[in-house]
Amino acid sequence: MSQHWGKAMSAEEARAAMKSDAPTDREIGEGSVNASIRDELRRVDGLYGQAIDYAREFIDDVRAGKPFDFSEATPLVNGFIDSVFRNESAAAAIGRLKSFDEYTYTHCINVSILAVILGRKLGYAREKLEVLGIAGLFHDVGKATIPEAILNKPGKLTDEEMAVMRTHPLRGNKLLREQKGIPVEVLRGCLEHHEKHDGSGYPRGLKGDAISDYSRLLAVVDVYDALTSRRVYKEPMPPGKVLGMMYTWRVTDFHPNIVEQFIKSLGVYPVGSFVRLSSGDHAVVVDHNPAAPLSPLVHIAFDQAMRPIVGSTQDLSGRDDDLKIMDVINPDDHQVDVYSFLR
Ligand SMILES: [Fe+2]
């Protein structure tokens, strides 16, 4: 399948992204370190399974025109928050690990987890993270009322089909308003997550500060998850490539500095990225180094000719030999299962 990867972030752009001076009380170096990535991946894997069951239930209920059970959302989101505080790289990686399951269910969970990660980076207190995580879980609930022939159409949507698809924020907002006790920020997140900073989004073409802070944040993580996930009609794109593309859209689509903060929280090369090193060898990023976002921990697993080698894990920060990342590679082009190196 032909694929347009877009331009990866240049080293200069990556450095510029790292220098962003957005107001935040969580700076690089304060990343979560209470659990190893392997231990936390195992833990969050179990939680993710429960979340899939819940997502299947509430989405299927909405499809059947039944009221859905809102009560399980809060404990699930609190589980995500706990996981993010133990090791946010693991929480961020789990979504990519699960992107082969059905997108309808995984997307709402991934957006919830990624929103918590970004909200934490922006200094949100725990109570705000909880509302944000719930907003992530339900942001696309309106899609459950869109005909499946449109929702899962393998090809390009016609203008008419696109117009129907673009009603999902309004449909979702209406569904949520019919429930009791849903916070207004969750209602707005659902309604506004496709609005863009320059006013070119939908459904209302809101601009800048007219878009709620929760909605601006959901917009960022929604795009990231959509592009890095496998769909019936497209291959997943490598996380590092997607961050590079989002960086180029940062002025038009997103609130100032929010993409930069998202890149800071995931690392320029998120865990699970497949990269080519200056030595020519190929490696998988196995951990994010918050103090050196361009120099993560990598597991070198393939030589220059992509032949498997006896692997070694290397910290790319502060090296005498100047070993560094040169490029982000699509692992699917080489049948490499990057996540087998994380377990
Ligand atoms: Fe959406």
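This is a predicted model: local features need pLDDT of at least 70, side-chain atom pairs count only at pLDDT 80 or more; totals for chains, interfaces and linings use all residues.
The chain holds 14 helices and five strands. Of its 343 residues, 46% count as buried.

With 13 residues at 1.5 Å a residue, H6 should span 18 Å, and its end C-alpha atoms are 19 Å apart, which agrees. Because 10 of the 13 residues of H6 are buried, this helix is largely enclosed by the rest of the structure. The buried residues are Leu129, Glu130, Val131, Leu132, Gly133, Ile134, Ala135, Gly136, Leu137 and Phe138. Their packing partners are helices H3 (73-86), H5 (103-121), H9 (168-177), H10 (184-192) and H11 (213-228).

Turning to the strands, S1 (residues 274-277) pairs with both S2 and S5. Strands S1 and S2 (residues 282-287) run antiparallel and are joined by three bridges. Together S1 and S2 form a hairpin, with four residues between them. In the turn of this hairpin, Gly280 has a positive phi of about 95 degrees. The pairing of S1 with S5 (residues 325-329) is also antiparallel and extends over four bridges.

Phe274 stands opposite Val284 in S2, while its bridge partner in S5 is Ile329.

How values were computed. Residues are numbered from 1 along each chain as its sequence is written. Two strands pair if DSSP finds at least two bridges between them. Helices (H or I, at least four residues) and strands (E, at least two) are DSSP runs, numbered from the N terminus. A residue is buried if 20 or more other C-beta atoms lie within 10 Å of its own, exposed if 12 or fewer, and partly exposed in between; C-beta atoms are placed from the backbone. The expected span of a helix is 1.5 Å times one less than its number of residues. Two residues are in contact if their C-beta atoms, placed from the backbone, lie within 7 Å.
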